[in-house]
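Please read this report alongside the sequence and the coordinates.

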Amino acid sequence: MSDPTRAQAEEVDLRARLDHLTLSRKEGFARLADAPRRIRPELLSPRQVKTLGEEALAEYNRVRRKWHANLGPLETPQMKALHEDLWDIFDSNDQDGDKVKGGIALDAFPGLGKTTAVLAFARKLHRRAIREGGAFTGEGHERWPVCRVGLTSNTGMRDLNRAILEYFGHPGRHRGTTADFGYRALDCVLSAETTLLIVDDLHFLRWRNKSGIEVSNHFKYIANEFPVTLLMVGVGLEKRGLFSEGVTYEDAILAQTGRRTTRLGMEPFDIKTEQGRRGWRDTLLAIEERVILTNKYPGMVADDLSNYLFTRSTGHIGSLMTLINRGCQRAVRTGAERLNEELLSAVKNDAASEEARRELELAFETGQLTSRLKPLPGTAA
Ligand SMILES: Nc1ncnc2c1ncn2[C@@H]1O[C@H](COP(=O)(O)OP(=O)(O)OP(=O)(O)O)[C@@H](O)[C@H]1O
Ligand SMILES: [Mg+2]
């Protein structure tokens, strides 16, 4: 038996400093892309834990705290499917420079893992491009295959351009007009040979006003001038008119963006079909495998908590992971060292899933719904 070492702990800490804020700079993104896998704490038996001294036990728990707080990203069926679509579109965009590249809009409700999945894709793409093309371009500039910007409320196109400059750490990011910022952004993208531009939380734009049209035009400008695949991520993009083809002049302009854009979505887990239940179960198995609790046993999450977790998360990955994370923290703190309904029922979850919970509970109780797989023929249920 080996105690978790200092070096391991430092590694974990370094990994934990990667917050979303740092991702608004290319250096932060590089840290995400190049970060080594987080080191998994060893799973000790209850007997082994008893032999730990006070200090070693505190350290073991500290490392597990961090571990459980960062269990993802899991290769959920939703994420896998999205990545396949993204590769298709991205790779088919590798045409000569004079062709306008098709854009992508990832449009789905909050908490379904859009940002997580897109960053995981960006990471793979970054690594592939660096592996294939080297860390520097032919001209000797640093290669940055991915540029990612996140919007905040009331973003206009000047702010968007500025965010791109901010990402690249361009010295001219403080002063200038929208057009100045645009030219500089194009310079950055060209010299870094950026191929994917991610704009996250696009719903912060107010589409149906002057600035919405402006921004739509701006995306058209980006599509025409920048040799990048544009990946727009947000909530209710369709409702905001990103793809509308109405009758007004504004609609027509927005429709131009719509015609060039492929719409992708992400769905909650669905347990109405056998295939859906399999996806749910595989995800629970992956979670179970990662949980480091000394009293865990096979089936603790994937079998015994399957219906319960579905009820409480309503099949939303964000709520599921919150619940698991908080449950594990409590299981370590209280010494229960396992997850069960009793412990989890004391854990609070986000408001939306708590509200939807009662309806699902009824469906499970009355047998209308199950999240479990059918037993194979010839085996006992
Ligand atoms: N594949 C995954 N594996 C593990 N955890 C995940 C996964 N996808 C999402 N999560 C967790 O779910 C939470 C919500 O995910 P995320 O922020 O990616 O959702 P989102 O769709 O971008 O939401 P929003 O619309 O609010 O920005 C995060 O805390 C994240 O850690
Ligand atoms: Mg997000």
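The sections below go from the whole chain to single residues.

## Basis

This is a predicted model: local features need pLDDT of at least 70, side-chain atom pairs count only at pLDDT 80 or more, and totals for chains, interfaces and linings use all residues. Residues are numbered from 1 along each chain as its sequence is written, and chains are lettered from A and ligands numbered from 1 in the order in which they are written.

## Overall make-up

The protein has 15 helices and five strands. Helices (H or I, at least four residues) and strands (E, at least two) are DSSP runs, numbered from the N terminus. Of the 381 residues, 35% are buried. Buried means 20 or more other C-beta atoms within 10 Å of a residue's own; exposed means 12 or fewer; partly exposed is in between; C-beta atoms are placed from the backbone.

The largest nonpolar core holds 74 residues. Such a core is a set of buried Ala, Val, Leu, Ile, Met, Phe, Trp, Tyr and Cys residues joined through C-beta atoms within 7 Å. Helix α13 gives the most to this core, with eight residues. M232 is among the residues with the most contacts inside the core. Beyond its neighbours within four places in sequence, M232 is in contact with residues including I104, V199 and L237. Contact means that C-beta atoms, placed from the backbone, lie within 7 Å.

## Helix α13

Helix α13 covers residues 317-334. The expected span is 1.5 Å times one less than the number of residues. Its buried residues include I317, G318, L320 and V332. They pack against α4, α11, α12, α14 and α15. Just after α13, G335 takes a positive phi of about 85 degrees.

## Ligand 1

Around ligand 1 there are 16 residues; G72, G113, T115, T116 and G318 come nearest. Helices α6 and α13 each give two or more residues to this shell. A residue is near a molecule if its C-beta atom, placed from the backbone, lies within 6 Å of it.

## Backbone details

Most residues other than glycine have a negative phi, and most peptide bonds are trans. G72 and P73 are joined by a cis peptide bond, with omega about -15 degrees. P73 is in the loop between α4 and α5.

T314 has a positive phi near 50 degrees. T314 is buried, with 20 other C-beta atoms within 10 Å. E193 also has a positive phi, about 50 degrees. E193 is partly exposed, with 19 such atoms within 10 Å.

Terms used:
Two residues are in contact if their C-beta atoms, placed from the backbone, lie within 7 Å.
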